[in-house]
Amino acid sequence: MTLTKALTGLALSAFLMGTAAFAGEIVINSDQSDPTPKKAMEELIADFQVKYPDITVKWNNFDHEGYKAAIRNFLTADPPDVAAWYAGNRMEPFVKAGLFEDVSDVWAANGLDDQLKSAASSMTIDGKKWGVPYTYYQWGIYYRKDLFEQNGITPPKNWAELLAASEKLKAAGIAPFAIGTKALWPTAGWFDYLDLRVNGYEFHMDLTAGKIPYTDPRVKAVFEKWAELVKPGYFIENHAAIDWQDAIPQMVQGKAAMYLMGNFAVATMKDGGLTEDQIGFMQFPEITAGIPMSEDAPTDTFHIPAGAKNKEDAKVFLAYLASPEAQAKMNATLGQLPVNNQSAKPTDTFLEAGFTMLSNAHALAQFYDRDAPAEMAKAGMEGFQEFMVKPDDIDRILERLEKTRAKVYK
Amino acid sequence: MPHDPQPARFWKRNQMKIAPYAFLAPGAVMFLIYVLIPIVQSIWISFQDWDGLGPKTWVGLANYVELMDDDTFYVALKNNLLWLGLYLLAIPMGLAAALFLNQNVWGIRLYKSLFFFPFVISQVVVGLMFTWFYAPDFGLFSQLIKWLTGSEVAILADERYVTYGIIAAGLWPQTAYCMILYLTGLNNLNFEQIEAARMDNARGWRLLRHVILPQLAPATFIAMVVTVIGALRSFDLVSIMTAGGPYGSSQVLSYFMYEQALSEYGYRMGYGAAIAVVLFLIMMVFITLFIMRMIAQERNR
């Protein structure tokens with residue numbers, strides 16, 4: 001009796017699972033484990049269900065850190081229909097391994113080449129699009145407006161002005177730049193921007209793609225500019241001992257004036273007690289005149305795995321995700337920027353500034369640890385940190401990085 | 001049992017022979033599955049290039065050749081030796097604490113438990129506490145240094161001091177561990193011998209050196225073993241306090257292995273396994289010494 005019951009149940013559930021897949025079910029794997037991203041994702045799925053009631057969405061939400069390991073397993077073992085990942089070189093291993101589906105048709109059919117223009121190059125490998133970007137945020141220099149005013153400084157527009165401002169601040173007993181390099185990645189923001197401004201986007205991409213040796217004089221030129229800030233002590237002391245958040249109090253207390261960071265730092269600064277009037281935002285100043293301004297804007301994306309069972313409906317989902325309305329709503333919750341340039345402008349001051357800056361950018365880099373392969377990024381960022389402590393050892397550091405480069409890009 | 005004598009007779013005849021193996025079997029099987037097979041597997045993987053996902057490629061000794069040319073490896077090796085040397089300080093420090101606490105005064109139990117406390121709390125907590133202790137600006141230790149010398153030193157951000165800083169954090173619980181081993185040893189002292197020694201006018205240092213320490217030899221031996229092994233597998237403190245930084249200067253072999261094989265920036269299983277094999281060989285030197293000593297002792301008995 002119980003056996004037959006169990007068997008019927010089993011058959012029934014197998015039957016249900018079978019039919020569900022037929023009637024347009026898509027499985028989404030993503031890593032929105034923090035409260036805000038989770039809420040944004042829940043809203044997105046709910047809105048999608050209202051618009052497409054005949055497609056059922058099954059969402060597997062992974063832990064943010066665990067996802068990086070999990071995606072390597074599920075893409076081959078049990079691919080979902082849609083998977084979250086990142087743009088640029090971070091998606092390259094999966095594209096090269098044939099694990100992501102070419103979605104150029106979704107871009108063409110929905111006019112995305114135009115609407116998502118700013119992120120198009122970072123979604124393209126071998127002339128094809130491999131996913132849909134839905135959010136990014138800007139990087140730039142956040143500064144204490146009131147400290148600038150007190151010392152008679154206007155936001156620097158070029159390198160000479162930045163050096164002059166730093167000198168003035170230092171003389172007033174204020175460290176020009178806050179930074180915490182314990183977690184290594186904050187150093188990469190500096191390297192990215194200096195390289196983008198000294199050598200330009202194309203060079204930076206070639207470097208992170210392993211096509212240029214680290215011992216190249218153009219790479220060394222980047223560090224020479226950097227040394228102009230490191231050697232006079234324009235960064236706060238003991239930055240290697242602290243995380244990026246731990247450097248914020250120095251800014252709040254008025255001991256440091258500027259911070260090259262992602263837009264998420266604003267929330268931490270406000271939590272620390274700074275008001276919106278005290279915080280200013282500026283684009284990283286020009287260094288080599290004539291090089292078009294490119295920015296760091298880490299982009300989050302969704303992809304269709306090559307082994308997905310329901311690619312038709314997955315493409316419907318990606319098209320919806322790319323739409324101006326969906327992106328505007330989702331990013332309003334996230335506190336980040338929509339990639340779609342038809343989306344309603346964000347109301348927040350800093351986001352608005354970032355929106356304008358990124359919309360006019362020549363190109364967007366994804367951040368050093370996403371543009372360069374993981375192993376190179378780790379060695380590189382360690383080198384940047386060491387350079388910020390021992391700027392005179394630059395030749396030895398670059399030789400070490402070159403050794404790693406030769407090993408990583410085989 | 002006339003109708004079925006065979007089994008009973010077989011069991012009776014061989015009972016003495018079989019029983020020890022039967023009792024050993026569960027432990028031996030576990031040891032095989034969880035220790036021996038993984039060791040062989042690790043050695044096998046160390047000859048491959050493998051990202052943990054795709055196919056393995058046989059590369060022979062390439063991983064070891066690369067390791068011999070890797071600067072980080074030598075930094076880690078040097079730090080492991082430092083750990084090994086300085087961690088042994090836990091033994092005399094533990095002995096001193098044990099001798100100090102081995103007296104009958106009111107409230108001694110409370111003191112004993114306070115001294116034992118660092119061993120009970122998790123290594124992760126020890127690491128966090130010392131990180132704050134050393135933290136520039138607000139850490140107690142850096143405040144003290146500032147007060148004494150006038151300038152601030154960020155222990156965990158300075159390549160000269162960082163490994164010593166972490167070892168000091170590790171010594172705190174390790175001393176407590178050695179202290180406990182010695183306290184139990186002190187409880188089992190033969191008092192007649194001590195009385196006799198006292199009558200022969202031995203006291204203080206000579207009493208300790210010639211009468212008490214020899215009796216504590218078993219405790220010293222165990223303390224040596226756990227301390228050496230603890231020093232070689234130091235991982236949690238490095239991971240919590242510095243993650244091998246600044247720029248890899250506090251790296252140790254066990255953390256280096258984890259970073260290469262399992263962290264976000266790694267997934268080089270073969271290379272990680274090669275590091276593990278090297279660490280295993282270093283440990284084997286000590287394990288062999290200990291086992292030889294143990295066998296020698298058992299023969300003497």
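**Starting with a helix in chain B**

Modeller: Happy to! In α3(B), the buried residues are T72(B), V75(B), A76(B), N79(B), N80(B), W83(B) and Y87(B).

Colleague: How are those arranged around the helix axis?

Modeller: The arc they cover is only 140° around the axis, which puts them on the same side of α3(B).

Colleague: And which exposed residues does the face turned away from the buried side carry?

Modeller: That face of α3(B) has L81(B) and G85(B) as exposed residues.

Colleague: What do the buried residues of α3(B) pack against?

Modeller: They pack against four helices of chain B: α4 (90-101), α8 (162-187), α11 (217-232) and α13 (253-262).

Colleague: What span should α3 of chain B have, and what does it have?

Modeller: The helix runs over residues 71-87, and at 1.5 Å a residue its 17 residues should span 24 Å. Its end C-alpha atoms are 24 Å apart, which agrees.

Colleague: Before we go on, where do these coordinates come from, and what are the scores?

Modeller: This is a predicted model, with ipTM 0.75 and pTM 0.80. Chain A averages a pLDDT of 88, with 94% of the residues scoring at least 70. For chain B the mean pLDDT is 88, and 96% of its residues reach 70 or more.

Colleague: Where in chain A does pLDDT stay under 50?

Modeller: Over residues 7-22 of chain A, and there the model has four contacts beyond four places in sequence. Where pLDDT is low, the predicted coordinates should not be read in detail.

Colleague: Noted. How many residues does each chain bring to the contact between them?

Modeller: Chain A brings 16 residues and chain B brings 13 residues. On the chain A side, α3 (64-77) and α19 each supply at least two residues. The most comes from α19(A), with eight residues. By class, that side of chain A has five nonpolar, three polar and eight charged residues.

Colleague: What does the domain assignment give for chain A?

Modeller: Domain 1 is 20-136 + 298-355, and domain 2 is 139-296 + 373-408. The C-alpha centres of domain 1 and domain 2 of chain A lie 30 Å apart. Their contact takes seven residues from domain 1 and eight residues from domain 2. The domain 1 side divides into four nonpolar, three polar and no charged residues.

Colleague: Let's look at a helix in chain A, then. Which residues of α12(A) are buried?

Modeller: Those are V219(A), V222(A), F223(A), W226(A), L229(A) and V230(A). They cover an arc of only 95° around the axis, which puts them on the same side of α12(A). Among the elements of chain A covering these buried residues are α9 (159-171), β8 (175-177), α10 (185-198) and α20 (394-408). Another one is α19 (374-389), the helix that gives the most to the side of chain A touching chain B.

Colleague: Nice link. How does the span of α12 come out?

Modeller: Helix α12 covers residues 217-230 of chain A, and its 14 residues should span 20 Å at 1.5 Å a residue. The end C-alpha atoms are 19 Å apart, which agrees.

Colleague: Switching topic: is T135(A) buried or exposed?

Modeller: T135(A) is buried, because 21 other C-beta atoms lie within 10 Å and the cut-off for buried is 20 or more. This residue is found in strand β6 (residues 132-136) of chain A. T135(A) touches, among others, D300(A), M330(A), L334(A) and V339(A). T135(A) and P298(A) are 163 residues apart in sequence, yet 8.5 Å apart in space, C-alpha to C-alpha.

Colleague: And where is V339(A)?

Modeller: V339(A) sits in the loop between α16 (324-334) and α17 (349-359) of chain A. With 30 C-beta neighbours inside 10 Å, V339(A) counts as buried. Its contacts include L116(A), S118(A), P133(A), T135(A) and T299(A).

Colleague: Last one: what is the phi of F367(A)?

Modeller: F367(A) has a positive phi of about 100° although it is not a glycine. F367(A) lies in the loop between β13 (364-365) and α18 (368-371) of chain A, and counts as buried with 23 C-beta neighbours inside 10 Å. In chain B, Y247(B) also has a positive phi, of about 35°, and is not a glycine. Y247(B) is in the loop between α12 (236-241) and α13 of chain B, buried with 27 other C-beta atoms within 10 Å.

How values were computed:
Residues numbered from 1 in each chain as written. Chains lettered and ligands numbered in written order. Predicted model: local features only at pLDDT ≥ 70, side-chain atom pairs only at ≥ 80, totals over all residues. Expected span 1.5 Å × (residues − 1). Buried ≥ 20, exposed ≤ 12 C-beta atoms within 10 Å, placed from the backbone. Arc of directions from axis to C-beta. Contact = placed C-beta atoms within 7 Å. pLDDT = per-residue confidence, 0-100. Nonpolar A, V, L, I, M, F, W, Y, C, P; charged D, E, K, R; others polar. Domains from an automatic or database assignment.
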